[in-house]
Amino acid sequence: MISRRDFLQATVAASAIVGGSGVGAWAQIAARQQLTQDQLLDFDTFGNVTLIHVTDIHGQLKPVWFREPEINLGVGEVKGLPPHVTGQDFLKLYNIEPGTPEAYALTYNDFDALARTYGKMGGLDRVATVVKSIRAARPDALLLDGGDTWHGSYTVLKTGAQDMVDAMNQLGVEAMTSHWEFTLGIDRVTEIVDSLPFPFLGANIFDAEWDEPAYEPYKMFERGGVQVAVIGQAFPYMPIANPGWMFPDLSFGIREDRIAEMVAEVRAKGAGLVVLLSHNGFDVDRKLAGRVPGIDVILTGHTHDALPEPVMVGQTLVIASGSNGKFVTRLDLDVREGQLMGFRHKLIPIFADVIEPDAEMAAVIDGHRAPYEAEMSEVIGQTGSVLYRRGNFNGTWDDLICNALIEEREADIALSPGFRWGPSLIADTPITREDIFAATSMSYPEAYRSEMTGEQLKIILEDVADNLFNPDPYYQQGGDMVRVGGMGYRIDVSRPQGERLSNMTLLKTGEAIDPGKTYVVAGWASVNEGTEGPPIWDVVENWVRRQGTVTIDPNNSVEVTGA
Amino acid sequence: MTYTRRETLVIGAGGIALLAGTPAMASAVEEAIAAFTGGAEIGESGIEINAPEIAENGNVVPIEVSAPGAEEIMVMATGNPSPPVCRVSFGPAAGSSRLSTRIRLAKTQDVLAVARMSDGSFVQTTRAVKVTIGGCGG
């Protein structure tokens with residue numbers, strides 16, 4: 001169905017991310033001044049159907065800095081395959097020159113310096129400009145949101161995500177799926193879903209009691225003379241990875257058979273193009289694409305990967321559109337006689353200083369932010385280091401949070417969950433209250449303080465490590481390793497559960513962790529109901545305020561082998 | 001325990017026999033299989049377990065076993081202190097040889113099912129189900 005020529009065409013289109021002149025033009029466009037909105041939006045409209053994909057925006061209405069990961073290990077069959085390629089290897093794989101806008105957008109290298117050159121990325125007002133431009137070229141382009149939208153900022157917390165709901169309605173989203181949405185609590189989710197002008201899809205969401213479908217599984221759209229079926233797949237491990245007590249009557253899961261059933265159903269109804277709008281995570285979707293036939297396109301989300309080219313699994317295109325509003329994917333498809341004949345793809349980087357904000361969207365955003373602007377913009381301290389979250393084992397934002405937990409909660413050891421959301425800050429810039437909330441905002445923020453034995457700590461770390469490094473993607477939950485403060489360890493990612501961790505060491509004394517000894521552990525975001533403690537943002541704010549300027553020392557406390 | 005209509009039909013058409021607990025030894029699984037099969041050779045095709053990859057609640061894990069043409073299916077939770085779960089037989093009136101129920105899993109383990117087919121042969125399969133502490137990503 002898809003010829004090699006079509007694939008090359010996609011590669012060239014992807015390469016046109018900044019140049020418009022094809023492969024090899026990177027070095028000539030090394031400065032921001034040479035980037036233009038026209039170049040970023042340049043696209044030779046193709047075929048008869050256009051999909052626009054945004055995902056994992058995590059409440060980021062305004063432009064952000066966002067440093068991509070340095071360490072993102074793949075295990076088993078996906079070792080060394082995208083998205084498990086970072087830094088220089090990523091640049092080589094995709095033929096990108098270091099120091100270019102594309103290198104800045106897609107990798108961590110020289111982040112601090114390049115961020116000063118190329119500025120922030122994202123902002124829904126810029127995204128709106130891009131969407132409008134695509135719709136000018138293809139009026140019936142289909143805009144799909146992969147979820148993790150109603151979460152992650154000060155204003156989301158204060159407005160119950162009404163800010164994001166209004167902004168996405170303004171953007172003209174036509175279907176979405178979900179993950180963190182459910183942490184608003186089922187009552188609020190139901191209230192919002194009832195108000196949405198588009199379907200909230202989740203073929204894999206079932207009533208836990210009766211095992212009956214709880215949400216619309218798919219929606220058919222007629223576009224360019226083609227019946228386009230969009231099947232929604234919510235995050236499969238919702239009640240395990242997030243507090244199930246907030247949506248007690250729902251059951252999720254990958255439910256591969258259910259997806260196959262839905263594909264057959266929409267094909268029988270005449271779908272010429274089948275799209276899975278998924279929050280499975282990249283490796284889960286790659287495996288699913290190889291096992292469930294008949295899906296033309298998987299718009300994947302959850303693991304926050306930004307890939308400048310589709311990954312092909314058989315005849316299925318797997319598209320990863322990044323996170324936090326940094327990118328918009330445009331995918332033009334040629335669908336004839338019920339078959340996908342070709343495609344053209346572009347991962348559009350949203351350079352906030354280059355793309356003009358859309359005035360209507362800016363008004364919606366400003367309207368929601370205005371009542372909170374004073375409290376959000378208050379400067380709490382300064383950072384002397386780049387603060388970022390992404391990375392399998394640690395990031396400086398979580399180092400900061402762990403330091404705060406240990407000192408503010410008088411603990412031996414701190415645990416911070418392996419989240420992948422939360423924008424970055426560059427060095428020597430202020431830390432505002434909004435910045436702290438962008439790294440911590442959630443509906444179960446209690447910073448607990450409890451006692452755990454060395455053995456319990458080992459069990460927890462082994463459990464989380466298996467959620468990340470199980471060689472079968474269907475057993476992975478998609479986050480990163482829990483971040484640990486005050487304790488070092490060695491991890492062999494190639495071993496099975498129970499055998500990965502060793503050399504657990506209490507850093508303040510240099511002594512080995514004793515399985516039978518009890519340690520004071522502070523952490524946050526427990527999935528258990530009834531967790532007690534101050535909200536994590538208060539803990540962090542108090543600590544940052546006391547520090548004045550925060551500097552994070554290089555973290556060498558995790559030794560990784562087997563990668 | 002709640003039964004869906006389909007489960008009720010399965011139970012109505014067959015007969016369900018919950019097994020008594022046995023010692024928590026790996027050999028308990030082997031012994032139960034041997035007792036069920038009488039030591040006959042066991043094939044691998046024609047039987048399927050459907051279960052979540054990761055249990056949402058280890059206390060009530062939904063499982064479904066189907067083995068078209070089976071007269072009896074035995075299910076074991078191999079990592080439980082008491083591995084036997086149930087033995088379900090399917091009479092001539094059974095529409096299909098399929099059972100579904102919810103079981104308790106003490107920890108991450110393989111769920112195992114063995115079926116006795118109408119020709120007296122046996123088939124077996126396993127499915128790994130993780131029971132995790134939870135935490136989050138994404």
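In the predicted model, the end C-alpha atoms of residues 396–533 of chain A lie 23 Å apart. This span is 27% helix and 28% strand, with helices (H or I, at least four residues) and strands (E, at least two) taken as DSSP runs numbered from the N terminus. UniProt, in an unreviewed entry, lists residues 396–533 of chain A as "domain: 5'-Nucleotidase C-terminal"; such annotations may be inferred rather than shown by experiment. Residues are numbered from 1 along each chain as its sequence is written, and chains are lettered from A in the order in which they are written. Local features need pLDDT of at least 70, side-chain atom pairs count only at pLDDT 80 or more, and side-chain values use heavy atoms, without hydrogens and water.

Helix α15(A) (residues 396–408) meets helix α18(A) (residues 536–547). Their axes, lines fitted to C-alpha atoms over the stretch in contact, come within 9 Å and cross at roughly 90°. α15(A) is therefore roughly perpendicular to α18(A) (65 to 115 degrees). Contact means heavy atoms within 4.5 Å. Among the residues involved are L400(A) and L405(A) of α15(A), and V540(A) and W543(A) of α18(A).

An open sheet of three strands runs in the order β16-β14-β23 (chain A), with mixed pairing. β16(A) and β23(A) stand at the edges, each with a single partner strand, so one side of each lacks a neighbour in the sheet. Pairing requires at least two DSSP bridges. β14(A) (residues 379–383) pairs with β16(A) in the antiparallel sense over four bridges. T383(A) has T429(A) in β16(A) as its bridge partner.

Elsewhere, β5(A) (residues 218–223) and β6(A) (residues 226–233) pair in the antiparallel sense over six bridges. F221(A) stands opposite V228(A) in β6(A). Two residues lie between the strands of this hairpin, where G224(A) takes a positive phi near 55°.

How values were computed. Axes are lines fitted to C-alpha atoms, for helices over the stretch in contact, and angles run from 0 to 180 degrees between N-to-C directions. Angles under 35 degrees count as roughly parallel, over 145 as roughly antiparallel, 65 to 115 as roughly perpendicular and the rest as oblique.
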